[in-house]
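Dear colleague,

Please find below the structure I promised to hand over, with its sequence. My notes on what was found in it follow directly after.

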Amino acid sequence: MSTHKQHPQGTFDLSDWSHIVVTVSGNTMKTYKNGVLAGTNAESWEPNVLTRTGHIIGANSAATGNFLDGSVMLLKIWHGVELDQHAVDQISPDPCPLGSGLSASFECADCLAGTYSDVDSPEACYQCPIGKYSEALKAESIGTCISCPVGKASPEFAAPSESDCLTCPAGKYAGGEGNSVCTDCVAGSYSEAGVGSCTVCEAGTWSEVGSAACNACPKGSYLSDGGTNAELHQAAGLCLMCPSGQYTGVEGSAGCTQCQLGKYLTGSLNVVDDHDSEADCLICAAGKYTEGEGSALCLSCAKGKFLTDDAGAASA
């Protein structure tokens, strides 16, 4: 067979299976497509009879870039008398009816669950795309491929059952229908299993990527955003220390509590332990007072005035 003859573009359809028979007799090569003669080429010489240790299918040995841009399902080679049209007809499959396709042995077989065939064709049954499934047998339309519901995903082609739509685990989501994969929740949000979207962390909490729940800010700190913006809940460092004169004795606080009148809390803005209990608020010493709640320090009584006990209230 000549390795340098090519049929004109268009002889073989792109993205379509074709049954091909090639015969060689003398210096003449004939190509049949689906049992119909597609082309004849004649050389002025006969092909050499060679014995090789290996064979190249779909390309030439000169590696000039001419190759078959496709797939070969089954290859058979006959050696002997040239096949005539009748012999070609015998080995060329008839188109399979709707709902069936060509098997590896070139026999029509019913399409299995997860596949379909919507044309009379010698091709194999088509697979339902990822994110879809079909429990129907002998399906005749891609319409039988059903999209996985919200909160589920199917990463495989030709899924034969709804059970192949896997529920997204907590920390992931699948929005809309027909998803092939579940997506991680962004930092600052969380999700339960089997949902179509993630929820922004509540005030006083934060989370990392793919979280099933949010983490509480430690005692002595707070995060005031009320679950409106995930970017404000993306890291523990976004939990702010209570300012001087304030404290919080519980985890996951949206804000801090002011020290009572007559008490103060200087504390360090970098040490949560200085702001994690009401006991951190100290009573003003004798002769000192505070003008209001949430004081960072006490004021000394003015000249001519005194305050004898540790009540911390102003005295005229």
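The structure holds 1 salt bridge. Its partners are Asp184 and Lys172, whose side chains meet with an N to O distance of 2.5 Å. This pair links distant parts of the chain, since Asp184 belongs to strand S13 (residues 183–184) and Lys172 to strand S12 (residues 172–173), 12 residues apart. Asp184 is partly exposed, at 36% relative accessibility, and Lys172 is likewise partly exposed, at 26%. Please keep in mind throughout that this is a predicted model.

The side chain of Ser189 reaches the backbone oxygen of Val186 at 2.7 Å. Ser189 itself is placed in strand S14 (residues 189–190). With a relative accessibility of 3%, Ser189 counts as buried, because the limit for that class is under 20%.

Next, the aromatic side chains. A pair of aromatic rings is described by the distance of the centres and the angle of the planes. The structure holds 1 aromatic pair. It is formed by Tyr116 and Tyr126, with ring centres 5.6 Å apart and planes at 45°, so the pair is tilted. Tyr116 sits in strand S6 (residues 115–116) and Tyr126 in strand S7 (residues 126–127), so the pair ties together parts that are 10 residues apart in sequence.

- Strand S1 (residues 20–25) pairs with strand S2 (residues 28–33) in the antiparallel sense, over 6 bridges. Ile20 has Lys33 in S2 as its bridge partner. The hairpin of S1 and S2 leaves 2 residues between the strands, and Gly26 in the turn has a positive phi of about 65°.
- S2 also pairs with strand S3 (residues 36–42), again antiparallel and over 6 bridges. Here Lys33 stands opposite Val36 in S3. The hairpin of S2 and S3 has 2 residues between the strands, and Asn34 in the turn has a positive phi of about 50°.

Lys33 therefore has a partner on either side: Ile20 and, in S3, Val36, because strands count as paired where DSSP finds at least two bridges between them.

A nonpolar patch on the surface is formed by Ile20, Val22 and Val24, with about 210 Å² of accessible area together. Of these, Val22 lies in strand S1 and is partly exposed, with a relative accessible area of 37%. In a regular strand the side chains alternate between the two faces of the sheet.

Most residues other than glycine have a negative phi, and most peptide bonds are trans. Lys138, although not a glycine, has a positive phi of about 55°. Its position is the loop between strand S8 (132–133) and strand S9 (146–147), where Lys138 is partly exposed at 46% relative accessibility. Ala158 also has a positive phi, near 60°. Ala158 is found in the loop between strand S10 (152–153) and strand S11 (166–167); with a relative accessible area of 18%, Ala158 is buried.

With kind regards

Key: Residues are numbered from 1 along each chain as its sequence is written. This is a predicted model: local features need pLDDT of at least 70, side-chain atom pairs count only at pLDDT 80 or more; totals for chains, interfaces and linings use all residues. Side-chain values use heavy atoms; hydrogens and water are left out. Rings of Phe, Tyr and Trp (its six-membered ring) pair if their centres lie within 6.5 Å; planes under 30 degrees apart count as stacked, over 60 as edge-to-face and the rest as tilted. Helices (H or I, at least four residues) and strands (E, at least two) are DSSP runs, numbered from the N terminus. Patches are made of residues with over 30% relative accessible area and no salt bridge: like charges are joined within 9 Å, nonpolar side chains (Val, Leu, Ile, Met, Phe, Trp, Tyr) within 5 Å. Accessible areas come from the Shrake-Rupley method with a 1.4 Å probe; for residues, only the protein chains shown count as cover. A salt bridge is a side-chain nitrogen of Lys or Arg within 4 Å of a carboxyl oxygen of Asp or Glu. Buried means under 20% relative accessible area, exposed over 50%, partly exposed in between (1.4 Å probe, protein chains only). A polar contact is a pair of N or O atoms within 3.5 Å; within protein, one must be able to donate a hydrogen and the other to accept it, and residues adjacent in sequence count only if both atoms are side-chain atoms.
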